[in-house]
Every structure is written in structure tokens, then in C-alpha cells.
Amino acid sequence: MARIVKKKVLKIQFETTSPLSLSNGEDINTDSDVLLDAIGKPFIPGSAIAGVILSYVKDWKGEGDTSWHDYFGFVEINREIKEDVEIKESRLSFSDATLDSGKFYVTRRDSVALDEFKTAKNHAKFDMEVVEPGVCFTSIIEQNFLTNQDEDYIQEIFSFFRNEEISFGKKTSRGLGKIKLLKAGIKEFDFAKKEDINSWLDFDVDDMEMEEDCHRDEAYLSNDKVLCLGLRLQGGISIREYTTDLRKDKDDVVADFRQLTEHIGNEILPVIPGTSWAGAFIHQMKRNVPGCDQTDVIDDGMKKKVFYFGYVDEETKTKARSSVEFSETVINGGIDKVITRNAIDRFIGGTVKGALFTENTHYYGTTNLQII
């Protein structure tokens, strides 16, 4: 076993700036329940953090550069004899990102699948749980240095977080899983020095100091093109969030559904999900410019098709991630209005005989959309 000559510890505290959809693989409450720990609090597994970081490292290193093998570890398998040929242990360790003190809200997002004519597909329904934004997590990342010439991945990972490149969970290209770094601290131990060895033995990560100055590097330049739009709502909007609230007395009117909302600070504000923005833009673009969502490129002499907005092929079981991201937006200002009307069957679009339906829609207000 190789001797460790130095160790670096990175402690980070970050806040979610959009809803987090990290599933536990179960479908008890919804089709995709949120991941909770043993006492019912959301957390981000260390394996998920490592996977996201590794994905960014591969992009940073570039295709063909496998030097990350020496730091993140790998297993090479001979598929003919089904045995491990080579195993390399990771020099980096990632703890779970645990919830700091404070309130959190887990809500359900309910939807049905729509075809190109905005009509519900037969029996196509999907709902999922999300953790609303504004939740703070803390995580610890450590690197063991086997030589003094080892690459400093801790500093690079810190830059990923500081430059707001990191996202967690599902639907990150549709505005979910965004985070903002709040505090960070780095502690280094040189095991060639006796005082550092003693410091490591007495080290308590809970007492580690962190700095609040975690803004982007001034020299940081992104290759992404960003379109920022300030928009004003001309009328009403109804992106459904079904409610199970009970009436306290017969005079109370509780809507069967309301405009989708989130807890933003001490307020509950209406929001437009990135999925809704993406669907609206993609539908209009395909209708006006057929084929605009894809192009052919030459890669290593091979002709390949690129899908700008991603795709999922159920027959071939293939999929591609969208290269265009739509943010989730908060509507500021405006008013809520409760309307009672005939109930509509959500799948066929027809009225339900003898049934009424109450909805709480939102009118007017402004919002800011970001497309990357």
C-alpha cells in the first residue's frame, strides 16, 4: 500500500437555488420519491457527488485523457472471463452532503405526457417529489497525495463549486438541482512535518473554519452562451399543483388545484418550471422550423447526429442529454384568482357530467428566464 505524504480536506456549504430531484428509487408517494435519510431529512449521497464531479473532470481533461484514473480509481474487467483485471483505489473521498439546520419542504410535481398537439397521451402520467430551493447542505471532500507532484484535484473541485458549475439530481437541463456555494474551507496536512501529523490526529472537521467569500473567479470564462429574458405576464397562467387541503368549515373555498408555487424565503411564490419553458419553446421551434432541433456533425471521420434538446428512444433504449438549458423562473407580483367551472377530464379534455372544479390561477407579474 502506497504511503500518503500529504492530505487535503475541503469543507463546503452550499444552498440549492432551484428544486432538487434526487430519487431514492421508490414509488410509494409518487412515481419518483425524493431521497431521505433515516430521520426523514433530504441528503445528497457521496457517490452522487463523486459521479457529478467526475463528469466535470472528464470534460475538463478532454476526451482521451485518462489521468483521472489515478485519482478517482477504476476497475478494469475482462468480460470474457468475467474477472477483475486491474483495480485502482480512489485517492479522493466524498462524504454525504447532509442537511444543515432549518426548514425544508418536499412537494409533488404532477404531470401527464402530451403529444405534439398538446393532447394527453393515453394512460401517460408521471409525478415526482422535489425538495424546494433554499436548503443548505454541508459536505467533506478529501484527497490523499502519494507524491508531492500529484495533481491538486481539491482546488479544481473547489473551483467547480465556486463558479456555480455543479448541479445535482434529475432534470438539471430544465432548471432543477442548481446550487450556490456559501462557505468553503481548505485544510492541508504535510505528513513530512511532525506538527502536521499531530494536527491531523487532533483534527475535528466540525470545528474547521470556512470563509464566506466564495464568488466566481475573475478570470473564469464560460464557453456557454447565455440568453437572459425579462418577461411580463400578459394574462393568467395555470401550471397545475394539485392540493389535498381540507376545508376548515363549509364557508371556506379550497381550490382543487392551484398555480405551481415554491417557498422562496418567507414567501410562497408562483413559478414556471424549466420543463414548461422547454416544452413551449421546442414546440414553437419545431412547428415553425422543422428539423431545427438536430444537425449532422463529423466526429473522427464519422457522421453523427446531434440533438440540441436531447431525446429518448424507447425502442432502441438510447437517449441523449439536452445541450440547451432552461431555468426555472419565479413570478414576482400579480394576483391570485379563484375560479369555479365545469370539471374537465384531464386525459380526454371533455367535461365531467355533474361535476364542478375550482382552480386558483395567477394573473400578471414579471419573471426572468435564462437559457444557456
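Analyst: Contact here means heavy atoms within 4.5 Å. This is a predicted model, where local features need pLDDT of at least 70, side-chain atom pairs count only at pLDDT 80 or more, and totals for chains, interfaces and linings use all residues. Residues are numbered from 1 along each chain as its sequence is written, and side-chain values use heavy atoms, with hydrogens and water left out.

User: Which residues is Lys6 in contact with, leaving aside neighbours within four places in sequence?
Analyst: Gln143, Asn144, Phe145, Glu188, Phe189, Asp190 and Phe191. Lys6 sits in strand 1, residues 6-16; strands (E, at least two residues) and helices (H or I, at least four) are DSSP runs, numbered from the N terminus.

User: Is Lys6 buried or exposed?
Analyst: Buried, because its relative accessibility is 15%. Buried means under 20% relative accessible area, exposed over 50%, and partly exposed in between, with a 1.4 Å probe and protein chains only.

User: Now helix 1. What should its span be?
Analyst: Helix 1 (residues 46-61) has 16 residues, so at 1.5 Å a residue the span should be 22 Å, and its end C-alpha atoms are 22 Å apart, which agrees. The expected span is 1.5 Å times one less than the number of residues.

User: What do the buried residues of helix 1 pack against?
Analyst: Helix 2 (69-72), strand 4 (92-94), strand 8 (136-145) and helix 3 (153-162). The buried residues include Ile49, Val52 and Leu54.

User: What comes just after helix 1?
Analyst: Gly62, with a positive phi of about 95°.

User: How many disulfides?
Analyst: 0, counting pairs of cysteine sulfur atoms within 2.5 Å. Cys228 counts as exposed because its relative accessibility is 54%; Cys136 is partly exposed, at 23%.
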